[in-house]
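Here are my notes on the model you sent.

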Amino acid sequence: PRLVWGPGDRHLVPRLVARAEQGRLRLVDGGGAAVDSTVIDNAVDAHVLAADALDGESSACAGKAYFISNGEPRPMGTLINQLLEASGAPTVDKGISGRFAFVLGAGLEAIWTVFRLGGEPPMTRFLARQLSTPNWYDLSAAARDLGYRPAVSLDEGLERLACERRGNLGKDPS
């Protein structure tokens, strides 16, 4: 699964929210790189479908890897701001260039290594590339072999995230 998020997320969304609230979040290269993500419900569905499809070594999916996402690429900046908005956090409009983010990441990685700082640097070369490079995948193999089709759209996932924040997850969102 690619970039998984949704209600109950303790990794991606909380990190975005914390950095946005501290004023430390920036869009790399204007946030224009198209990326796909996966609402957690769809990642779970894909795993269940894969388990159900495994009927021995003759299964069409045995030994294969599949790309799983929502199949709805959006500009990185749009997705980040939609996740922040649904979480009740301030959105971000400030940015840095991809080149500067990469150089900054290299420098911070060196500082973290030399001074043996705990945790991870706020920017890494890998993160700079991920934030500035388009990432989406062909889901046709998962659809063909597993019957995978995203059941929860990004917009519905965002609404579920907002409902969780409002304390009425599982209730009528209106």
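The points below go from the whole chain to its helices, and then to single residues.

1. Overall layout. This is a predicted model, and the points below should be read as describing that model. The chain has seven helices and six strands. Starting at the N terminus, the order of elements is β-α-β-β-β-α-β-α-β-α-α-α-α. The C-alpha trace spans about 50 × 45 × 30 Å along its principal axes.

2. Burial and contacts across the chain. The chain has 174 residues, of which 37% count as buried. Taking the contacts with a separation of 6 or more, 78% are accounted for by residues 24 or more positions apart.

3. Helix α1. This helix covers residues 12–21, and its buried residues are V13, L16, V17 and A20. These residues lie on the same side of α1, because the arc they cover around the axis is only 100 degrees. What do the buried residues of α1 pack against? Their partners are β1 (4–5), α3 (76–86) and α7 (154–166). Just after α1 comes G23, which has a positive phi of about 75 degrees.

4. α1 against α3. The axes of these two helices come within 10 Å and cross at roughly 85 degrees. An angle from 65 to 115 degrees counts as roughly perpendicular, so α1 is roughly perpendicular to α3. On the α1 side the contact is made by L12, V13, L16, V17 and A20, and on the α3 side by I80, L83 and L84. V13, L16, V17 and A20 are the residues of α1 listed as buried in point 3.

5. Helix α7. Its 13 residues should span 18 Å at 1.5 Å a residue, and the end C-alpha atoms are 18 Å apart, which agrees. The buried residues of α7 are L154, G157, L158, L161, A162 and C163. What covers them includes β1, α1, β4 (38–39), β5 and α3. Just after α7, G167 takes a positive phi of about 80 degrees.

6. α3 against α7. How do the axes of α3 and α7 cross? They come within 8 Å and cross at roughly 30 degrees. Angles under 35 degrees count as roughly parallel, and α3 and α7 are therefore roughly parallel to each other. The contact involves Q82, L83, E85 and A86 from α3, with L158, L161, A162 and R165 from α7. L83 of α3 also takes part in the contact with α1.

7. N81 in α3. N81 is found in helix α3. Its relative accessibility is 17%, so N81 counts as buried. Leaving out residues up to four places away in sequence, N81 touches T91 and V92.

8. The aromatic pair. A search of the whole structure finds one such pair. It is formed by F67 and Y137, whose ring centres are 4.3 Å apart and whose planes are at 10 degrees, so the pair is stacked. F67 lies in the loop between α2 (40–53) and β5 (74–75), while Y137 lies in the loop between α5 (125–132) and α6 (140–146), so the pair ties together parts that are 70 residues apart in sequence.

9. L3. Phi of L3 is near 45 degrees, which is a positive value in a residue other than glycine. L3 lies in the segment before β1. With a relative accessibility of 25%, L3 counts as partly exposed.

10. R116. This residue has a positive phi of about 50 degrees although it is not a glycine. R116 is found in the loop between α4 (98–114) and α5. Is R116 buried or exposed? R116 is exposed, with a relative accessible area of 76%.

Technical notes:
Residues are numbered from 1 along each chain as its sequence is written. This is a predicted model: local features need pLDDT of at least 70, side-chain atom pairs count only at pLDDT 80 or more; totals for chains, interfaces and linings use all residues. Side-chain values use heavy atoms; hydrogens and water are left out. Buried means under 20% relative accessible area, exposed over 50%, partly exposed in between (1.4 Å probe, protein chains only). Helices (H or I, at least four residues) and strands (E, at least two) are DSSP runs, numbered from the N terminus. The arc is that of the directions from the helix axis to the C-beta atoms. Contact means heavy atoms within 4.5 Å. Rings of Phe, Tyr and Trp (its six-membered ring) pair if their centres lie within 6.5 Å; planes under 30 degrees apart count as stacked, over 60 as edge-to-face and the rest as tilted. The expected span of a helix is 1.5 Å times one less than its number of residues. Axes are lines fitted to C-alpha atoms, for helices over the stretch in contact, and angles run from 0 to 180 degrees between N-to-C directions. Angles under 35 degrees count as roughly parallel, over 145 as roughly antiparallel, 65 to 115 as roughly perpendicular and the rest as oblique.
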